[in-house]
Amino acid sequence: MEETIRVLLVDDAADFAAIAAKLLEREDDRFDVTAETDPSAGLDRLESEGFDCLVSDYRMPEMDGIELLAAVREREPALPFILFTGEGSEEIASDAISAGATDYVRKGTAADQYALLANRIRQAVSKRRNHERARRFERLQELTREVNQALVRADDAATVERTVCERLAAAEQYARAAIVTPTVDDGTLSGVTVRAGKTDDVDFAEVPAVRAAATEREPAVSATTATAGAGVNAAVPLDYESERYGILVVGMTADVPVDEFERDLLAELGIDVASALHNLDMRDDLRESEAKYRRLVEGNLVGVYLIQNGEFEYVNPRLAAMFGYTQEELLSDVTPFDLVIETDQEKLRRNIRLRVSGETDDLRYTLRGQRKDGTEIEFEVHGGRIDYQGEPAIVGTLLDVTEQKRYERELERSRAEYRELFESFPEAVFVRTEGDTFRAVNDAAVDRLGYSRDELLSMRPRDINPNEDGAAEADRIASLSKDEIKRFDTTHRTKSGDEIPVEINATLIPYRGETAILSTSRDVSDRVARERELERQNDRLEELASVASHDLRNPLNVAVGRLEWAQEECDSPHLDDMETALDRMNGLIDDLLTLAGRRRRDADPTAVDLGSFVDQCWTNVATGCARLESDVGTTIRADESRLAQLFENLFRNSVEHGATNGRPQAGDGESTLRDDENAVTVTVGTLPGGFYVEDDGPGIPESDRNRIFEAGYSTNDDGTGLGLTIVRDVVEAHDWEICVGESETGGTRFEITGVETD
């Protein structure tokens, strides 16, 4: 059915306008002519009704034809406007054409004048409609491209449906777009569910095009009434093979007919949408494979080419973009050899010859090339021989593998670096999974144990560890984690039967998709030998201390008793010096016994309230007039008896060495303790991760601080030189750290850190 041509005829002569309208309608059955005598009313009708052409008289009382033309052009610049007047002036015709009139026709009584006018109307309307169809065609093509580009970027079905509907509804020619799911029972549409899009409250179940597309599974177009959403609707089934993904419904902005081209274009768009939905529907089955190659596929699109006689006969846009050229440049100015670096051109030439000659039907290989901007590219070529226009040619694809090759080189370099690090590591390294044989060993393990690499890879830990306890190993493995390293000592037996004491450091690592145990083995033979020598020395020291205690204590006690009798019988300063000497000997024996005994026992930590404990230790020391200031309201974990040795020796050190300028130094023959006025003040306080002991005495010269923990070193002539050695041993037994410095008052400050608190 041909389209109606609606014409608005404006002429102030009512009788003439009515007759002219009838004569025009007789000229063409498609004409629907509306006569109007008032130009202003004609403008109003033009805005409220749709017309394809306006025919106007020139000479009218309120507004002439030129003025009416100007008003029309402000409203509808493209509407065909024909000036139909009885005043045949060339000047009027020129003014009309200059003002934008489509044509100029003189009135006359002859019937052929109306045939001429009808012909001019048909030509003008046809020209405009063709122009609008061309514009509509271009917009539809551009819209289709935009939608397809959006489909490529969509990650899920909801995004595909939403994007398609939004892009179509936003287009000038469409009022709405929706994707619906029809329910068809026994060939009859029983319901519609809207999944996405702009609906304008349309009842899609009442739209004939939707019913037809749902039941017949073919694109359909229909005009609907207000009850179902007035206007023209196109419905396209979204089918992919046997799968149905719904119906795409598009509503036009006006009663514009949908021509065959637009219908086909929408049908093709429906196929693209269905294909995109199908691909997304299949994505879950391919997710694992897609994850491996996602970066490659998403970063590099496939190029398609056709080569004949050493030149490109066809390249697709993606191949052109891959090298930075346009398709026209590749098809006219650039040959395949221009894209390949010189050193790879012979390889390309040889492979083309092999396929063209038929020696090889299909080849896949990699070439290095250069983009238009000079950057390098690596691409994989896959192609085979075909006949094109009666001559042999090669068709295939190019895949940009620049990033892939870079990753492969980086991976190979990383593997080489790992292997070099693994093999050159000075300690023996073993990798295994629980209950399995060793999966990897380094050269140090092979050299130390004397087995070949293959032999070690067939063995388990118990095969090289004579002391391996299955239950203990299971407990260690259960306690392993990726965030920490477990350390323990054991023994490895070599192939020759020698046993080597080793220190093992073990942790969990990812290894070839599994969780494996990484262990390093350090030969600690020297350390074990030193420990045994130290044990022997400690045995001798303990024996010496025992002898000293027994053989020296008895005559010392006799001397002390005789001294007391002598002091009762006479008063002599020599007896006081003798008492001091005997006290010093007694202190030496006590310190010697303490030093010998404590070195043989590890610390056994318990919770200790530091505040009350410090006060108790202070009472155990002869402090004279010295004062204690303590503010340590915290609980630490320590061996109580050994901690007491630490505090008592530090207190004794402060009291005995806490002389100021107002106090005589040791060796002056007077008391080493201050009087009340000059009494030393000892302060105990807390630190982050520890505590400190400081005094306000004269301090320790910086040059002597590195020696104060040496056995026998003392700046006090009456000191044993063992007190701070005992302090050092207590700190080491707890794995703490101690440093000596200066207090704020210039005295001595000992800081003990690394202390565990509760």
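User: Which residues is Leu 643 in contact with, leaving aside its neighbours within four places in sequence?
Analyst: This is a predicted model. Contact here needs heavy atoms within 4.5 Å. Leaving aside neighbours within four places in sequence, the partners of Leu 643 are Val 608, Leu 610, Phe 613, Ile 636, Ala 638, Phe 691, Val 730 and Trp 736.

User: Which residues of the largest nonpolar core touch the most other members?
Analyst: In soluble globular proteins, nonpolar side chains tend to be buried together. Here the largest nonpolar core has 36 residues. Those touching the most other members are Leu 643, Leu 646, Phe 647, Phe 651, Phe 691, Trp 736 and Phe 750.

User: Which element gives the most to this core?
Analyst: Elements giving two or more residues to the core include α20 (610–619), β23 (635–638) and β24 (681–687). Also among them are β25, α22 and β27. The most, seven residues, comes from α21.

User: How many residues are in the other core that lies apart from it?
Analyst: That core includes Ile 179, Val 232, Leu 269 and Leu 277. Its residue count is 31.

User: Which residues form one aromatic cluster?
Analyst: Phe 647, Phe 651, Phe 691 and Trp 736 are among the core residues that touch the most other members. These four also belong to the aromatic cluster.

User: What kind of aromatic pair do Phe 709 and Phe 750 form?
Analyst: The structure holds ten aromatic pairs. For Phe 709 and Phe 750, the centres are 6.4 Å apart and the planes stand at 70°. Planes over 60 degrees apart set the class, so this pair is edge-to-face.

User: How many residues apart are Phe 709 and Phe 750?
Analyst: Phe 709 is in the loop between β25 (690–695) and α22 (723–733), while Phe 750 is in strand β27. Both are buried. The pair links distant parts of the chain, 41 residues apart.

User: Is Arg 749 buried or exposed?
Analyst: Arg 749 is in strand β27 (residues 748–753). Its relative accessibility is 17%. The cut-off for buried is under 20%, so Arg 749 counts as buried.

User: Which side chain does Arg 749 join through a polar contact of 2.7 Å?
Analyst: Leaving aside neighbours within four places in sequence, the contacts of Arg 749 include Leu 687, Tyr 692 and Cys 739. Arg 749 also lies over the face of Tyr 692, at 4.0 Å from the ring centre. Its 2.7 Å side-chain polar contact is with Glu 694.

User: How many of the eleven residues of α22 are buried?
Analyst: α22 is mostly covered. Its buried residues include Leu 724, Ile 726, Val 727 and Val 731. Asp 729 is buried too.

User: Which residue just after α22 takes a positive phi?
Analyst: The phi angle there is about 60°. The residue is Asp 735.

User: How does Ala 205 count: buried, partly exposed or exposed?
Analyst: Ala 205 is found in the loop between β7 (188–198) and α7 (208–216). Leaving aside neighbours within four places in sequence, Ala 205 is in contact with Leu 189, Val 192 and Arg 211. At 22% relative accessibility, Ala 205 counts as partly exposed.

User: What share of the protein's residues is buried?
Analyst: The protein has 22 helices and 27 strands. Of its 758 residues, the buried share is 40%.

Methods. Residues numbered from 1 in each chain as written. Predicted model: local features only at pLDDT ≥ 70, side-chain atom pairs only at ≥ 80, totals over all residues. Heavy atoms only, no water. Helix = DSSP H or I, 4+ residues; strand = E, 2+ residues; numbered from the N terminus. Buried < 20%, exposed > 50% of the residue type's maximum accessible area, 1.4 Å probe, protein only. Polar contact = N/O pair within 3.5 Å; in protein donor to acceptor, adjacent residues only side chain to side chain. Phe/Tyr/Trp six-rings, centres within 6.5 Å; stacked < 30°, edge-to-face > 60°. Lys NZ or Arg CZ within 6 Å of the ring centre and 35° of its normal. Core = buried A, V, L, I, M, F, W, Y, C linked by side-chain atoms within 4.5 Å.
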